[in-house]
Amino acid sequence: MTDGPLYNNILLGGRGGTNSGQLRVHPGGIAWKKQGGGKVVEVDKVDVVGVTWMKIPRTYQLGIRTKDGVFYKFTGFRDQDVSSLTTYIQTNIGVTPAEKQLSVSGRNWGEVDLNGNMLTFVVGSKHGFEVSLADVSQTQMQGKNDVVLEFHVDDTTGANEKDSLVEMSFHIPNSNTQYVGDENRPPAQVFRDKIMSMADVGPSGEEAVVTFEGIAILTPRGRYSVELHASFLRLQGQANDFKIQYSSVMRLFLLPKSNQPHTFVVVTLDPPIRKGQTLYPHIVLQFETEFVVESTLSLSEDVLNTKYKGKLEPSYKGLIHEVFTSILRGLCGAKITRPGKFRSCQDGYAVKSSLKAEDGVLYPLEKGFFFLPKPPTLILHDEIEFVEFERHAAAGTNMHYFDLLVKLKSEQEHLFRNIQRNEYHNLFDFISGKGLKIMNLGDGPTAKMGEPDVPDDDALDPHLERIKNAVEESDEEDSDYSVKGVEDDGGSPSDDSGGEDSDASLSGAEKEKPTKKESKKEASTSKPAPASKRKPKDGDEDGGKKKKPKKKKDPNAPKKAMSGFMFFSQTERENIKKNNPGISFTDTAKALGEQWKKMTAEEKEPFEAKAKADQKRYKDAMAGYKGDAPTTVIDSGNESSE
């Protein structure tokens with residue numbers, strides 16, 4: 001499907017409005033995809049029975065007619081596209097495009113050509129307009145010479161267009177020679193009967209194929225009677241009534257709810273239905289999972305054997321959600337999407353989450369994510385720029401939950417909150433397996449929640465931020481971390497590192513306590529006047545805050561112990577620089593972190609042994625040291641103070 005010419009900004013016209021997209025003509029047929037995602041039209045070359053070109057104002061229109069009677073109109077082609085695309089269609093599709101001319105005379109009299117399910121009004125030898133008889137809902141006579149065609153007024157047509165064709169009237173005089181009548185049947189009656197036989201309208205066409213009573217619909221909310229007709233579905237409720245053409249149904253989703261006796265069935269529409277000023281691109285139906293129904297279709301045997309052969313059965317018996325989706329698929333031809341390989345900790349298909357203050361469930365599917373029930377949000381993998389795992393609380397007070405941020409290529413963001421902590425590994429493995437970019441794997445300051453929050457110490461490097469400042473640490477003075485109680489621990493990031501603290505370092509609350517103790521101690525020893533405790537304002541004489549004198553680091557204090565990762569970094573740092581000339585310090589730290597997390601326990605053992613020996617050296621040195629520096633012990637990345 002990737003071979004063949006591609007044309008951008010091609011408009012697809014129809015009752016659903018005019019939408020822009022990309023058209024590709026390939027050896028297997030024709031495919032059109034709506035710009036920004038949504039509707040996709042695919043026509044196999046074996047189904048193409050006619051191709052036409054027509055010059056319309058400012059551009060060219062390509063018409064594709066299928067063996068099912070469907071006629072697609074693609075507009076937006078240039079003059080130079082006509083000859084090249086004509087040759088390609090002749091060679092690969094096997095159909096020679098015909099040329100039609102558009103009538104611009106303004107005449108409203110001519111002949112009516114009925115071909116398949118298309119009605120074409122011909123003025124002389126040129127085409128005035130054409131409509132699809134599949135859109136005709138009813139025909140009626142007005143007097144003896146007028147025939148009125150009424151078109152389906154479904155709730156999806158007006159979503160993108162302000163105006164919609166609802167009625168058309170034809171006057172057929174008794175002198176008409178195209179549709180010859182007699183005394184009992186005037187030409188207008190002959191014309192109407194011809195249309196009714198081809199459009200399949202009338203009382204029989206209004207009868208529902210099958211009806212499901214009292215179905216709970218979560219979006220738009222209410223309890224409806226769902227009628228499945230031959231060409232449309234109808235939702236009849238106490239306050240609302242929706243009529244939806246099957247041409248607007250893009251896909252069906254069958255999604256069981258985790259640990260609950262209900263199953264979601266989602267009908268995705270393009271264009272969406274409208275209720276007031278609100279658009280509903282997804283109809284979310286909720287069925288009882290274990291409820292069994294038996295339904296018989298109101299279709300004749302001839303229709304089942306011809307139009308719906310291999311698509312529908314005369315009767316169905318089974319679970320209500322399976323019966324509903326099977327019948328709807330047979331009528332509209334849309335595909336059904338079911339849960340993929342993802343499983344939650346409770347062996348379900350989704351994880352509990354919330355979006356825009358609404359609680360629901362998030363379904364990780366094979367080609368996207370679907371949040372239900374409200375607001376129903378479908379995110380395709382192709383639309384995602386990156387995903388990011390975030391902590392649930394900024395202060396780290398509640399670590400039983402985390403958030404998942406999904407940023408789209410359109411700069412739009414979706415934040416799924418309150419996902420249980422034990423679902424992290426399942427989601428991480430699923431997302432990484434799909435090849436999506438994850439911003440938590442050492443991708444700079446945007447990484448907010450890496451593996452240090454998860455008990456598995458070897459899954460991700462807990463020292464990724466530490467290494468930015470500690471790998472090349474010397475015995476020189478570090479003025480940023482020289483205050484007593486907040487001294488440099490040999491691995492915490494400095495203020496200019498640009499990263500956030502990992503769980504291996506002290507949390508914000510833990511860092512604050514020594515500072516308070518120190519301030520109390522200084523207050524008790526120096527006993528300043530009460531006025532000195534007040535912070536100076538912008539108009540004070542001193543002109544700003546007075547900085548506390550920083551205590552210098554004791555040069556005689558023993559050098560702090562290093563972790564196994566720091567020994568590993570000292571060994572491999574030069575190798576990375578040699579293999580990557582000009583690599584920055586931050587990128588070197590990332591590479592070291594990635595390499596460390598991939599190592600096995602046996603490979604880490606030599607460095608951990610050095611860390612234990614260095615720790616013993618530090619303890620022995622501190623036993624004989626009489627300075628006032630605090631004792632800090634580092635054991636494989638876990639920090640404590642003695």
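Reader: What makes aspartate 614 count as buried or exposed?

Author: Its relative accessible area is 14%. Buried means under 20%, exposed over 50% and partly exposed in between, with a 1.4 Å probe and protein chains only. So aspartate 614 is buried.

Reader: What kind of model is this, and how are residues numbered?

Author: This is a predicted model, where local features need pLDDT of at least 70, side-chain atom pairs count only at pLDDT 80 or more, and totals for chains, interfaces and linings use all residues. Residues are numbered from 1 along each chain as its sequence is written, and side-chain values use heavy atoms, with hydrogens and water left out.

Reader: Why is the pair of arginine 617 and aspartate 614 called a salt bridge?

Author: A salt bridge needs a side-chain nitrogen of Lys or Arg within 4 Å of a carboxyl oxygen of Asp or Glu. Here N and O are 2.7 Å apart. The pair therefore qualifies. Both residues lie in helix H11 (601-623), three residues apart, about one turn of the helix. Helices (H or I, at least four residues) and strands (E, at least two) are DSSP runs, numbered from the N terminus.

Reader: What is the label for arginine 617, and why?

Author: Arginine 617 is at 32% relative accessibility, so the label is partly exposed.

Reader: Why does the pair of arginine 417 and aspartate 403 count as a salt bridge?

Author: The closest N and O atoms are 3.7 Å apart. That is within 4 Å, so the pair counts. It links distant parts of the chain: arginine 417 is in strand E31 and aspartate 403 in strand E30, 14 residues apart. Aspartate 403 has a relative accessible area of 3%, so it is buried. Arginine 417 has 41%, so it is partly exposed.

Reader: How many salt bridges are there in the whole structure?

Author: A search finds nine. One of them joins lysine 434 and glutamate 366, at 2.5 Å from N to O.

Reader: What makes a set of residues a nonpolar core?

Author: The residues must be buried Ala, Val, Leu, Ile, Met, Phe, Trp, Tyr or Cys, joined through side-chain atoms within 4.5 Å. The largest such core has 40 residues. Those with the most contacts inside it are Phe212, Leu228, Leu285 and Ile327. Helix H5 gives the largest share, seven residues.

Reader: Which residues does isoleucine 327 contact?

Author: Contact means heavy atoms within 4.5 Å. Leaving aside neighbours within four places in sequence, the partners of isoleucine 327 include Val210, Phe212 and Leu228.
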